[in-house]
Amino acid sequence: MSGTHVCVIGYGAAGRLHQQLLADLGFDVSVVDPAPGTPPTGIPVFDRAEQAVRHRPVDVWSVCSPTATHVATTADVLAVDPRARLLVEKPLCRTWEIPELTSLLDRHPEARLVVMDQYRHSQAMALLRTLRRELAPRHALRAVRVGFGKDRRADIAAGRFVDHDYGVFGYEWLHMLALVRGALPPETYDRYMGTSPQECGLRVATDPELTSTAAHEQAAADGVDVELYSTIVGPDPSGRVAVPAWFDRPTAAGESRQRHVEMLVGPVRFGLDLDPVTLPRGTRLPRNTHRLAVEGPDLRREWLVHDSPLDNALRWSVATLLSPAGPPGLDLRGVARIGLLADTAHPAGRQAPALRDTARPAPRPPSVRT
């Protein structure tokens, strides 16, 4: 897509990654950041969105600024480009900002916005669904389990990735919800997202400085058990949220990241270990390599899949933003849900909007600017 201009707003860790991947995909990239640290070489860097537009019309804006600035950044872009095509990193906004964001978009009906939801574009997850249809077609789905873990204490001590709004729910929970969505039938996912935290079994390790550090949710929808587990400190040192047995996976020396999906279908277990993947004896597989495993009566198979969900999501996002049909409707239930979960862990906190009020319908298709 040479000639398509993508402007990345925010040149932190996410912005640097977007800039590099977008350039590798053949887009013309610029950056907006008044203090970019080590500036990128060979591409334009601006202090404000207005300067980027004056330099050259922007086809897609990639918003990688901190979550607390997403609504203000979106407003700044729409002020200079009312028909803007925006790709915004997750979380899209903070829960209590949903009304402000939807009002802003309503005032700019020709603008289009998608959220960077990389795990909805995982080809390994798509293959897992195909294997389920091929290898267990007559069995019912019994359970879906998704767990993400990383020891972020060193980053947090350095002042990076500190989420005081949502605690543990602000780090990986939206990624996990994307994978749950890929594993469940659509109507079952809708019912699960409509459950309240009070209907679920929810254990949270709270922390006076980090808000919360680990959480384990156990819910059910349409007879399917749904479990989500996440930690930002490794195995919970407080002991209040034990690591589920299904998430106890091998890791390479010095590696704390784990991303695991499990589906129980009748007597068959389908497992997906997402990058980074470690073999049983501690060998780390190459980047963007994922492992699929199937176990059942007289059945044991394993595959390695090379796939970059982030590349897939960037390609899809730019293509759908620029297509005549435009992107699908904006689904804000995930943002609302992590707010509800955080409020359940800290009941004296804010009140999040009801889940049923946060699904935004798809706006009418725009004409595409060339």
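**Helix 1 and its surroundings in the predicted model.** Helix 1 covers residues 13-24, twelve in number. From first to last C-alpha the helix reaches 17 Å, close to the 16 Å expected at 1.5 Å a residue. Gly15, His18, Gln19, Leu21 and Leu22 are buried. The cover over these buried residues includes strand 1 (5-9), strand 2 (28-32), strand 4 (60-63), strand 5 (85-88) and helix 9 (309-322). Gly26, just after the helix, has a positive phi of about 100°.

**The second largest pocket.** The volume of this pocket is about 510 Å³. Its lining consists of 24 residues, with Val115, Asp117, Arg120, Arg181 and Asp331 nearest the centre. By class, 15 lining residues are nonpolar, three polar and six charged. At least two residues each come from strand 6 (112-115), helix 7 (173-183), helix 8 (186-193) and helix 10 (333-345). Helix 7 gives the most, with four residues.

**The salt bridge between Asp331 and Arg181.** The closest N and O atoms of this pair are 3.3 Å apart. Asp331 sits in the loop between helix 9 and helix 10 and Arg181 in helix 7, so the bridge ties together parts 150 residues apart in sequence. Asp331 is partly exposed at 28% relative accessibility, and Arg181 is partly exposed with a relative accessible area of 28%.

**Further salt bridges, from 21 found in the whole structure.** Arg94 and Glu97 meet through their side chains at 2.9 Å, N to O, and both residues are buried. Glu295 and Arg300 form a salt bridge with closest N and O atoms 3.1 Å apart. Glu295 is partly exposed at 29%, whereas Arg300 is exposed at 66%.

How values were computed:
Residues are numbered from 1 along each chain as its sequence is written. This is a predicted model: local features need pLDDT of at least 70, side-chain atom pairs count only at pLDDT 80 or more; totals for chains, interfaces and linings use all residues. Side-chain values use heavy atoms; hydrogens and water are left out. The expected span of a helix is 1.5 Å times one less than its number of residues. Buried means under 20% relative accessible area, exposed over 50%, partly exposed in between (1.4 Å probe, protein chains only). Contact means heavy atoms within 4.5 Å. On a 1 Å grid over the protein atoms alone, a cavity is a set of points where a 1.4 Å probe fits but cannot get out, and a pocket is an open set with protein on both sides within 12 Å along at least five of seven lines; lining residues have an atom within 4 Å of a point. Grid points are joined across faces, edges and corners, and a volume is the space filled by probe spheres set on the points. Ala, Val, Leu, Ile, Met, Phe, Trp, Tyr, Cys and Pro count as nonpolar, Asp, Glu, Lys and Arg as charged, and the others, Gly among them, as polar. A salt bridge is a side-chain nitrogen of Lys or Arg within 4 Å of a carboxyl oxygen of Asp or Glu.
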